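Here is a briefing on the model shown below. Keep the sequence and the structure in view while reading.

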Amino acid sequence: MRIIRPISLFNTLSRKIEPIIPVTPGEVKIYSCGPTVYNFAHIGNLRTFLFQDLLKRTLLAAGYQVRHCMNVTDVEDKIIRDSQGELPEDATNEARHEAMKALTDKYTVFFLEDLDAMRILPPSVMPKATDHIGPMKDLIQSLMDKGLAYEREGSVYYRIAGFPAYGCLAHLDREGMQSGASVDMDEYEKDQAQDFVLWKAAKPFEPTWDSPWGPGRPGWHIECSAMGMEILGDRVDIHTGGVDLVFPHHENEIAQSEGALGHPWVSTWVHGEFLMVEGEKMSKSLGNFFTLRDLVEKGFDPVTFRYAIQSNHYRKLINFSFEGLKAADHSLKRIRAFRRRMEEVVPGTWEETGESAPRLEKARTDFWAAMGDDLNTPEALAAIFTLISDLNALDDRVALTRKERDAVLEFLDETDSIFSAWPHEAASLDAEIEALIAARKEARDTKNWAESDRLRDQLKSMGIILEDRKDGSVGWRKA
RNA sequence: GGCGCCGUAGCCAAGUGGUAAGGCCGCGGACUGCAAAUCCGCUAUCCAUCGGUUCGAUUCCGAUCGGCGCCUCCA
């Protein structure tokens with residue numbers, strides 16, 4: 001029988017940590033707000049996707065099946081702004097759609113490359129908004145039929161007043177919203193300033209779709225409700241996104257979906273915190289952002305970035321720094337070195353001391369208690385590091401047996417299925433390097449230190465670092 | 001104005017009503033032909049400040065100071 005470990009998460013709706021109890025036992029349905037593909041994602045954006053991957057991998061490792069839907073927003077104000085500039089004023093609607101698609105296809109590819117580089121598992125389904133305009137129009141129509149939406153001059157708006165629960169996610173009341181700083185007063189045709197747009201009437205020089213309300217395009221919020229319900233159904237277990245989406249995006253999704261369904265749609269809303277730079281929110285307008293490519297240019301592995309992010313709790317603000325990345329790199333090396341030590345072939349056989357098993361069991365228990373408690377990664381990692389210290393010291397005193405090492409490796413694999421940062425590394429080298437290592441060993445055996453050091457330096461310049469061991473054997477690793 | 005979050009060693013960071021996990025850096029040591037790498041050991045009488053509750057508070061309550069977020073662009 002498959003073991004399913006309990007996982008609890010902080011639910012923005014209740015502001016409490018609650019156990020995840022999927023509607024379909026054993027299978028968790030997750031909807032994640034994905035990227036708007038008009039530019040490279042910056043590492044602040046990527047933190048959110050890393051958090052979603054952490055959640056998904058934790059559920060998988062805990063024994064659940066996961067059906068994960070992440071949308072790609074490929075029609076939106078900034079996309080239109082950046083894609084239509086080259087077109088003549090009299091361009092056809094078809095040409096405008098093509099220009100928009102060219103831009104979004106390009107950045108979708110870059111986005112997928114980023115996910116891959118950070119070892120983020122691909123979503124089960126990745127719907128593009130422009131492929132689901134039909135269901136969006138249907139949902140809007142259904143809301144109009146229920147009196148929750150109204151048409152004005154070719155646009156359709158959601159009637160907040162008709163949905164009493166509005167504000168439940170962001171914990172805002174109507175009065176709080178009214179004193180908000182930036183209600184768009186240009187939208188004079190709306191019944192209430194807070195009513196939000198479901199369908200935007202066509203404006204000049206924009207790509208449009210036909211609709212019962214005339215040509216136009218969907219509002220931003222409707223795509224997630226429509227695609228989420230179409231792909232995952234009427235009951236979704238977990239919906240994720242960055243904290244900034246709590247209001248208005250997710251609040252509006254609730255109004256749309258639950259307004260149409262007449263019952264709760266999402267059980268648990270989970271939000272990841274921001275990445276800061278020098279104490280300020282990372283954003284394109286401030287110019288204080290980095291892309292994953294920037295980090296790679298500075299010599300950092302995307303997986304190091306992954307680890308740096310995941311070694312902090314997902315609901316805590318992180319102040320990004322290259323010093324922090326370097327520290328992450330060093331602590332990652334410690335885990336990887338331990339893994340190599342456990343993988344080493346140990347000659348001979350001897351009795352087990354029986355001391356490693358209880359430590360390993362404690363580490364596993366502590367690890368899962370931490371992960372199950374709202375993905376407490378700092379504490380989960382502490383369990384791993386404690387095990388590493390304990391077993392290194394134990395192995396120094398009395399060498400662990402093959403069986404003990406294998407049990408430890410199983411735990412490292414289990415935890416790596418979540419963190420994806422300390423995998424087994426295949427020990428294969430090309431013949432030239434093998435020959436250099438052999439030549440250097442021979443020089444060393446004959447105490448030809450000058451030649452030995454020269455070969456060692458040569459290998460180093462080729463990215464291979466040698467490790468001389470106590471028993472006279474020579475190990476290596478990539479720089 | 002409304003709704004929230006945060007302040008723990010040089011840096012990052014977890015945590016609990018009963019007396020401070022873990023990582024990085026640093027220092028000392030082991031190993032080594034020398035290195036590198038690795039390993040071992042050490043490193044907060046104290047958890048922003050001031051009060052209160054309590055047998056006991058870093059942990060609960062209140063106030064103060066400081067930092068931050070959201071209140072219809074936003075991961």
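**Helix α6 and the overall layout**

G233 follows helix α6 and has a positive phi, near 100°. This is a predicted model, in which local features need pLDDT of at least 70, side-chain atom pairs count only at pLDDT 80 or more, and totals for chains, interfaces and linings use all residues. Residues are numbered from 1 along each chain as its sequence is written, while chains are lettered from A and ligands numbered from 1 in the order in which they are written.

**Helix α6**

- Helices (H or I, at least four residues) and strands (E, at least two) are DSSP runs, numbered from the N terminus.
- A residue is buried if 20 or more other C-beta atoms lie within 10 Å of its own, with C-beta atoms placed from the backbone.
- α6 spans residues 222-232 and is mostly covered, with 9 of its 11 residues buried.
- Among the buried residues of α6 are I222, E223, C224, M227 and L232.
- An α-helix has 3.6 residues a turn, so residues three or four places apart point the same way.

**Sheet β12-β11-β13**

- Two strands pair if DSSP finds at least two bridges between them.
- Three strands form an open sheet in the order β12-β11-β13, and the pairing is mixed.
- β12 (280-281) and β13 (318-320) are the edge strands; each has a single partner strand, so one side of each is left without a neighbour in the sheet.
- β11 (residues 275-277) runs parallel to β13, and 3 bridges join them.
- L275 has I318 of β13 as its bridge partner.

- β6 (residues 155-158) and β7 (residues 197-201) run antiparallel and are joined by 2 bridges.
- In this pair, V156 is bridged to W199 of β7.
- β7 is also joined to β8 (residues 216-218), by 3 bridges, and these strands run antiparallel.
- Here K200 has R217 in β8 as its bridge partner.
- Strands of a sheet pair through backbone hydrogen bonds, either parallel or antiparallel.

**Chain A as a whole**

- Chain A holds 15 helices and 15 strands.
- Its C-alpha atoms fill a box of roughly 90 × 50 × 40 Å along the principal axes.
- Of the 479 residues in chain A, 37% are buried.
- Two residues are in contact if their C-beta atoms, placed from the backbone, lie within 7 Å.
- Among contacts in chain A with a separation of 6 or more, 72% link residues 24 or more positions apart.

**Domains**

- Domain bounds come from an automatic or database domain assignment.
- Chain A is divided into domain 1 (8-272), domain 2 (292-419) and domain 3 (431-478).
- The centres of domain 1 and domain 3, taken over C-alpha atoms, are separated by 56 Å.

Notes: A residue is buried if 20 or more other C-beta atoms lie within 10 Å of its own, exposed if 12 or fewer, and partly exposed in between; C-beta atoms are placed from the backbone.
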